[in-house]
Amino acid sequence: MADVSRARGDITGHPDVSEMRERYARMMDARDVVFLDGPVLLAGLYFAISPWVVHFSGTSPNLMVNNLVLGITIALLGLGLTTAPRRMYSLCWAMSAIGVWMIISPWVVARGADAGMIANNVVVGAITCLFGLIAAGMVMRKGRETT
């Protein structure tokens, strides 16, 4: 039975302290793009509601559906980067590709897109593409360091 009478804050005498430290270091090592989680989630949520913010939900329903679906997708990628970063890092390139589609979608999906629609999609798409490229670059750098 373990001796529980000692102070709880001191683990230096624990028999598995080195293994616990290594495990913690591996876990924290996976969090090198932690600064991207929140902004990616926010960019996705904004893009999902942008048809109503920029007021083109009624004039361009195809672009509204496009922005809603892509915004939810990007928000889910942001949540995935938060909850399972090692598994989601491989989708960083997909986030960049979605960002490129966001940029060109007003001309492909909408007929007669106005300046507000175009500016909204170009800005948020460029930000999303940039986030994807930053995360992918960090993943590639991390891969080179471990090999």
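This is a predicted model: local features need pLDDT of at least 70, side-chain atom pairs count only at pLDDT 80 or more; totals for chains, interfaces and linings use all residues.
**Note on an all-helix chain**

1. Setting aside neighbours within four places in sequence, isoleucine 98 is in contact with Leu70, Thr73, Ile74 and Leu77.

2. Where does this residue belong? Ile98 is among the residues with the most contacts inside the largest nonpolar core, alongside Val40, Ile74, Leu77, Met95 and Met102. That core has 17 residues. Two or more residues come from each of helix H2 (34–53), helix H3 (61–83), helix H5 (92–108) and helix H6 (115–146). Both domain 1 (17–83) and domain 2 (87–146) supply at least three residues to this core.

3. As a general point, nonpolar side chains in soluble globular proteins tend to be buried together.

4. On the whole chain: six helices and zero strands are present, giving the pattern α-α-α-α-α-α along the sequence. Of the 147 residues, 35% are buried. Among contacts with a separation of 6 or more, 66% are between residues 24 or more positions apart.

5. The surface deserves a separate look. The chain has an accessible surface of about 9,100 Å², and carbon and sulfur atoms account for 67% of that area. Ile49, Trp52, Val53, Leu68, Ile72, Leu76 and Leu79 form a nonpolar patch on the surface, with about 630 Å² of accessible area together. H2 and H3 are the elements that give two or more residues to the patch. The largest share, four residues, comes from H3.

6. Why does methionine 64 count as buried? The reason is its relative accessibility of 18%, since buried means under 20%. Leaving aside neighbours within four places in sequence, methionine 64 is in contact with Pro51, Trp52, Phe56 and Ser57. One of these, Trp52, is also in the nonpolar patch.

7. How far apart are methionine 64 and isoleucine 49 in space, C-alpha to C-alpha? The distance is 8.8 Å, and the two residues are 15 residues apart in sequence. Isoleucine 49 is part of the nonpolar patch on the surface, whereas methionine 64 counts as buried.

Definitions and conventions. Residues are numbered from 1 along each chain as its sequence is written. Side-chain values use heavy atoms; hydrogens and water are left out. A nonpolar core is a set of buried Ala, Val, Leu, Ile, Met, Phe, Trp, Tyr and Cys residues joined through side-chain atoms within 4.5 Å. Buried means under 20% relative accessible area, exposed over 50%, partly exposed in between (1.4 Å probe, protein chains only). Domain bounds come from an automatic or database domain assignment. Contact means heavy atoms within 4.5 Å. Accessible areas come from the Shrake-Rupley method with a 1.4 Å probe; for residues, only the protein chains shown count as cover. Patches are made of residues with over 30% relative accessible area and no salt bridge: like charges are joined within 9 Å, nonpolar side chains (Val, Leu, Ile, Met, Phe, Trp, Tyr) within 5 Å. A salt bridge is a side-chain nitrogen of Lys or Arg within 4 Å of a carboxyl oxygen of Asp or Glu.
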